[in-house]
Amino acid sequence: MPPEQVVGSSGVVKFEMRPDGLPVLVKIPEVEFVDDGPGKPVGINRFIGRRPIFAFGNSDGDLQMLQWTAAGGGAHLGTRFMGLVHHTDAEREYAYDRQSKVGKLDKALDEANSKGWTIADMKQDWRVIFPFQK
């Protein structure tokens with residue numbers, strides 16, 4: 001995947017001219033953008049500039065991205081994909097769900113069920129999670 005199609009949290013960067021005349025970009029200890037919750041569709045729009053036609057998430061932090069994807073119209077109307085990975089396999093990976101303190105999946109799971117989005121259940125749907133587990 002090309003880097004211009006990847007969105008993630010980022011810090012502030014500023015341009016400076018060094019005393020020796022060399023222009024540099026300097027990282028500042030400030031958060032510019034948080035790629036979670038309502039920040040996800042904002043970041044996608046800011047960095048990529050288009051509404052997704054395919055979005056996959058695994059926690060409530062992905063809900064707004066999935067909603068933004070689902071609301072798209074145009075030539076892709078009816079062909080957009082919204083999906084969730086439901087981490088249900090505590091033996092082979094890490095299970096998290098409605099009561100989890102990290103990676104909570106509650107509201108997004110309800111909306112996925114009510115709107116018919118694809119839900120992949122790790123324990124039921126995945127024969128192999130990591131290659132070394134074959």
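1. Basis. The model is predicted, with local features needing pLDDT of at least 70 and side-chain atom pairs counting only at pLDDT 80 or more, while totals for chains, interfaces and linings use all residues. Residues are numbered from 1 along each chain as its sequence is written, and side-chain values use heavy atoms, with hydrogens and water left out.

2. Salt bridges. A salt bridge here is a side-chain nitrogen of Lys or Arg within 4 Å of a carboxyl oxygen of Asp or Glu. The count by this rule is eight.

3. Asp62 and Lys40. These two form a salt bridge, with the closest N and O atoms 2.7 Å apart. The pair links distant parts of the chain, 22 residues apart: Asp62 is in the loop between strand 3 (54-57) and helix 2 (63-70), and Lys40 is in helix 1 (residues 39-47). Helices (H or I, at least four residues) and strands (E, at least two) are DSSP runs, numbered from the N terminus. Both Asp62 and Lys40 are buried; buried means under 20% relative accessible area, exposed over 50%, and partly exposed in between (1.4 Å probe, protein chains only).

4. Arg98 and Asp110. Their side chains meet in a salt bridge at 2.7 Å, N to O. Arg98 lies in the loop between strand 4 and helix 3 and Asp110 in helix 3, so the bridge ties together parts twelve residues apart in sequence. Arg98 is partly exposed at 28%, as is Asp110 at 40%. A network of salt bridges links Arg98, Asp106 and Asp110.

5. Ser100. This residue sits in the loop between strand 4 (81-86) and helix 3 (107-115). Ser100 counts as buried because its relative accessibility is 19%. A polar atom of its side chain lies 2.7 Å from the backbone nitrogen of Asp97.

6. Met82. Met82, in strand 4, is buried at 11% relative accessibility. Setting aside neighbours within four places in sequence, Met82 has contacts (heavy atoms within 4.5 Å) with Ala55, Leu66, Thr69, Ala70, Trp117 and Thr118. Gly57 is 25 residues from Met82 in sequence and 8.2 Å away, C-alpha to C-alpha.

7. Nonpolar patch. Val13, Phe15, Met17 and Leu25 make a nonpolar surface patch of about 460 Å². Patch members have over 30% relative accessible area and no salt bridge; nonpolar side chains (Val, Leu, Ile, Met, Phe, Trp, Tyr) are joined within 5 Å, like charges within 9 Å. Areas come from the Shrake-Rupley method with a 1.4 Å probe. Strand 1 (residues 10-17) gives the most, three residues. Met17 is in strand 1 and is exposed at 51%.

Definitions and conventions: Polar contact = N/O pair within 3.5 Å; in protein donor to acceptor, adjacent residues only side chain to side chain.
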